[in-house]
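User: I've got a model open and want a quick walk through it. Can you talk me through the main points?

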Amino acid sequence: MTLLLEQVTKQFGGLAALTDVGFTVNPGEIVGVIGPNGAGKTTLFNLITGVLAPSSGRIIYQKQSLVDFKPHKITELGIARTFQNIRLFEHLTALENVVVGAHCRMKAGLWQGIWRTAAQRQEEKNIREKARELLNLVGIGEDELSLAGALPYGKQRRLEIARALASQPDLLLLDEPAAGMNESETDDLQILIKKIQELGKAVILIEHDMGLVMNICDKLVVLNFGKKIAEGIPKIIQDHPAVIEAYLGKEED
Amino acid sequence: MEFLLNPYYMQLITFIIINAILGISIYLTLSTGQLSLGNAGFMSVGAYTSALLTLKAGVPLYAAVPLGGAAACLLAAIIGIPTTRLRGIYLAIATLGFGEVVRVIILNLKITNGALGLSSIPSMGVMLSKGIAAFGLAGGIGGISVRQLGSIAVILILALILGFLIFFALRLSSSRLGRAFAAIKADEHAAEVSGIDTRYYKLLAFFMGAFVAGIAGGLAAHITFYIGPKDFAYHRAVEILLFAVLGGSDVVWGPILGAVLLTVLPEVLRFATEYREMIYGAILVLMMAFRPQGLISESTLALWRTKLTRQPKIAGQDKVTRRTTP
């Protein structure tokens, strides 16, 4: 089991953003988290990545509790994420963005960087090579020298995924990666997520694009008003009465 | 030659170099996006520590200056741990307050001689002149007196220190740590989630800025023979900030250019001494209106690089302005 959530609750003052949410993610599994806006999906990501601390409940990643870990430590443990509203380092190049993502897998300290020791140069060379591979994987290899902020929207989304992959995660959290993408871009994204799965990584996907979600997810978790209302394989979720009522029904109206 | 060896110009050059070092100190903290106005305070700690160590404890100059830097660093640890949690304008205000607290403490302590300040601080120039005289050049060489040789030696030493700091800053910015700094500056939250210990690196940058400011203070103390609490008041904090605002804080050359310009400018405008603060204010406003990134930014450097080397431009880099959001 890669990730286990148990009765996770998050309250903001009197408002319960999440109540007793629990599910598991197995190695190499793609889990979709769906639900209407404000259902608590992004809050869930913020709890897993340590940006917020849960009010109660347990979050266990590879047999280790994540509660009380700082975000950078959690990234080091092997969980990486992208953001709903893209957050790249805009005036760094695409390649530099990916290299920054590999920060926690690098060792060179201050003085090694200043004196450019042999070990430091070797590390830089290796990491740049790996970063290029990742840029190629997400399909923007030819843009490595462009400033991240100058890339078109779809490529920025891909770059963000490459940056997240650079930290060599076992679990990747994607927050609405298809938002604002047209159909062909979404198809490419679907292929990319499948490729990431083939690399042996588990993925949790928050997404409103039902076509994408139904196609690639091994399991779906449905949230509404901070509560889990259903969980299961896409086929079952599609016909689940509570889900249709809360979410899919509205979509079809 | 005679013209350049004029003590006035020699003095001006030493001030330019010391201000350039201060420019690097604010660049280092700004490279993580932290706006610290405490560098004048750290400078005063460095200056007083170094001056007192030489005056009262007889510590040799070459040891006292780094110790001044270390003292500034120590103080940075005490105030940095709580304040680096603050962001933007809150950090600026907290560090500005810190600078004033340091000034008031210095003003009221006996050992710092209060408002009168410390005078007859061992001079670097005199020390070096003596050394040169002892070397058998008491009569000077080629019509250059031993005093002038001492001043030249001071400038050389300062230039070496500045050179090393520039080298340090340039190497830093292209290393793993420098990238972490840049990432924190661009988006602290994204940096943290990308696996960067933002708190650690922000503190590190804060320390480095404090250390360099402390060194600059120590050097200044041993060049001017006299330091007083007024030298490190509010206007000094703003002056250091102006180096970065005028020159730019993207690349280390920015604050250095700012320091050079803002040191030379008051000398050129000597006839307008009363209007100095007004001119500073006007520069600030004009820069914010027309060139918020400062005179030198990364794209400026890229432009000059392509102009000088005439290499084909890298795709997408020529028309890119910083921080463009689609």
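User: How many residues of chain A are in contact with chain B?
Analyst: 31 residues of chain A are in contact with 30 residues of chain B. Contact here is C-beta atoms, placed from the backbone, within 7 Å. This is a predicted model: local features need pLDDT of at least 70, side-chain atom pairs count only at pLDDT 80 or more, and totals for chains, interfaces and linings use all residues. Residues are numbered from 1 along each chain as its sequence is written, and chains are lettered from A and ligands numbered from 1 in the order in which they are written.

User: Which elements of chain A give two or more residues to that side?
Analyst: Helix 2 (71–77), helix 3 (94–101), helix 4 (110–115) and helix 6 (153–165) of chain A. Helices are DSSP runs of H or I, at least four residues, and strands are runs of E, at least two, numbered from the N terminus.

User: What domains does chain A have?
Analyst: Domain 1 (1–78 + 169–253) and domain 2 (89–168). The bounds come from an automatic or database domain assignment. The centres of the two domains of chain A, over C-alpha atoms, are 26 Å apart. 12 residues of domain 1 of chain A are in contact with 12 of domain 2 of chain A. On the domain 1 side, helix 7 of chain A gives the largest share, 4 residues.

User: What about the largest nonpolar core?
Analyst: It has 165 residues, and Val98(A), Ile21(B) and Val212(B) are among those with the most contacts inside it. Such a core is a set of buried Ala, Val, Leu, Ile, Met, Phe, Trp, Tyr and Cys residues joined through C-beta atoms within 7 Å. Buried means 20 or more other C-beta atoms within 10 Å of a residue's own, all placed from the backbone. Helix 9 (residues 198–224) of chain B gives the most to this core, 15 residues.

User: How many buried residues in helix 12 of chain B?
Analyst: 0 of its 15 residues, so helix 12 of chain B is hardly covered.

How values were computed
Contact = placed C-beta atoms within 7 Å. Buried ≥ 20, exposed ≤ 12 C-beta atoms within 10 Å, placed from the backbone.
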